[in-house]
Structure formats: structure tokens, C-alpha cells
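Colleague: I've never read a protein model before. Can we go through it feature by feature?

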Amino acid sequence: MNASAGPSPGCAAEAAPDRYFEAGGARLRYRDEGAGAAVILAHGWTLDLEMWEPQVAALRREFRLVRLDRRGHGLSAGLPDTNQDAADLAALCAHLGITRCGLVGMSQGARGVLALAATAPALVTALILDGPPALESGESDDVPVAQFRALAQRSGMAAFRREWMRLPFVQLRSRDARAHALLAAMLERFPGHELLAASVPPVAPAPALATLHVPTLVLVGEHDSASRAQAAQFLCAQLPQAQCVVIADAGHLPNLDQPARYSDLCRAFLARHADRGA
């Protein structure tokens, strides 16, 4: 196992129960636990809310952590749609009576949290963007979605999963068996509705980044793809209040590769900014 102290994946004490709410015609799963300033966590493609288990274990005594399965992921219904993510996040906040919160967006989930920050600036106190895609270019060049759709429709989701699991995006550097089991379970739960659908919504356009005056932490694993490292630097250059941190000995899933380091970075940043103006 990589040298990393602190909670391991899957060890959150007294795990909160699954709850559901309705948004945009879909029933979405979420969990709400902890106490303190509210922080909403949005996962990346093919993953779900359980990716945040190590962070919940580490941070639930200091923050109210609300995580959801984005529509069409995990146990949430609906067709995945990055154009709908911001509205789903806003609906979750309204459902829970949250009027100020920090947002954490991982990979594809970064699109939704940025869109929410642009459309509801009074709601958002802080942003953490983890392994974001190249927002200015639409669909990620490093994820061959069209090829995956053809494969899934021709040979089924099992064939897609085999190919997807060969890509670096879902390769863990950690040797912690619990992290590997957690990731495998999420990938198995991913229903792949957009891969099997006849057509899918276009990727949501990026907001005007220079207008987002919110404290932002951009995280990227040392061994993430070159395109993700470039996207992180682009965001840091465009966002007025952004800083970038590279997490050593981590790939595209630094919260699982280096859970203690990841959680420490989130804790320090959110402690300064998440409850600002609450």
C-alpha cells in the first residue's frame, strides 16, 4: 500500500442511509452526513457517490458532506446529461434547505459545479475541481466515448467495462485492496444508459471562467494524463481566485490513491472558504 495515513476507502463510521429526491423527472440518490459548513460532492463518469468514502470518514466531523449519484450513475435514474447537472445540484440544495455551500467536482463532475457557480454565485462559497477535463473543447479527447458507445451497443456493457478498465483513468496506483474493491463495485453499478441510447445530449458548454470570482482549488494527480494536467493549468490561469496542487504518486483518482493527502488538502481549503458569508 502507498504510504498514506488516515482513513481507508470504505471505512466511514456510521454510514448515512441512502436517500432519494426528484429532480428534472429523475429519482436521484444522495447521502447527507456530518456537521458544519455544507459541502456538495459530485463524482466523475462511470463512478458514483461511494467514491467519496475516504473523504467522508476523514471530514464528516468538520463539514456537512452531501454527495449524490449524478443522474444515470450509480443508483440514480435518468439519462446522464452534463447540461442537467447544475440544475440537479441546485435542486438538491433546495431539497435540503442549503443556501450556502462549497462544491467539489471530480472529472466530468467539474462541469456541473462550475455551471452552478456561474448560475448561482450567491450559493457557492468555494470550489474544488479534481482532474477536470478540457472544458473549452467539449467532449474529452482522452475518453473515446464514440468508440465506447459503438462497443456497448455491439457487444454489451460487459465488453465496455473490460475496455474502460484498461484505460489509465480507472487504474489505481494504491495497492489498498479496499480501494480496488470500491472502484470495481462502482464500475459494475454504472448502468451506461448514454452508451446504449440512440442519441445523447451534447456536452454542456463551459461557463465564462473569468467571471467566477470564487476561491478555487484545482487538484490533479501527478500521474494523471497530460490533457488533464493541461486542463488544470488552464483553469488556474482563467479563474480569478484559483490555485493548483499536484498530488504526488496519484493518478486520475487521487482521492483513492492518496486519501489522507487529498482529504487534508480539502480540509485546509474548505476550512478557509466553505462557510464564508454563511
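Modeller: Take Arg27 first: it lies over the face of Tyr20, at 3.8 Å from the ring centre. A charge sits over a ring if NZ of Lys or CZ of Arg is within 6 Å of the ring centre and within 35 degrees of the ring normal. This is a predicted model, where local features need pLDDT of at least 70 and side-chain atom pairs count only at pLDDT 80 or more, while totals for chains, interfaces and linings use all residues. Residues are numbered from 1 along each chain as its sequence is written, and side-chain values use heavy atoms, leaving out hydrogens and water.

Colleague: In what order do the eight strands of the open sheet come?

Modeller: General idea: strands of a sheet pair through backbone hydrogen bonds, either parallel or antiparallel. DSSP has to find at least two bridges between two strands for them to pair. Helices (H or I, at least four residues) and strands (E, at least two) are DSSP runs, numbered from the N terminus. Here the order is 1-2-4-3-5-6-7-8, with mixed pairing. Strand 1 (19-23) and strand 8 (242-247) stand at the edges with a single partner strand each, so one side of each has no neighbour in the sheet. On average, neighbouring strands are turned by 25° against each other, direction ignored.

Colleague: How many bridges join strand 2 to strand 4?

Modeller: Five, between residues 26-34 and residues 63-68, and these two strands run antiparallel. Look for Asp32, which stands opposite Val66 in strand 4.

Colleague: Which strands does helix 2 lie across?

Modeller: For angles, axes are lines fitted to C-alpha atoms (for helices over the stretch in contact), and angles run from 0 to 180 degrees between N-to-C directions. Contact means heavy atoms within 4.5 Å. Helix 2 (residues 85-96) lies across strands 1, 2, 3, 4 and 5, running at about 120° to strand 1.

Colleague: How many aromatic pairs are there in the whole structure?

Modeller: Rings of Phe, Tyr and Trp (its six-membered ring) pair if their centres lie within 6.5 Å; planes under 30 degrees apart count as stacked, over 60 as edge-to-face and the rest as tilted. The search finds 11 pairs. One of them, Trp45 with Trp164, is edge-to-face, at 5.1 Å centre to centre and 65° between the planes. Trp45 lies in the loop between strand 3 and helix 1, and Trp164 in helix 5, so the pair ties together parts 119 residues apart in sequence.

Colleague: Is Trp164 buried or exposed?

Modeller: Buried means under 20% relative accessible area, exposed over 50%, partly exposed in between (1.4 Å probe, protein chains only). Trp164, at 5% relative accessibility, counts as buried.
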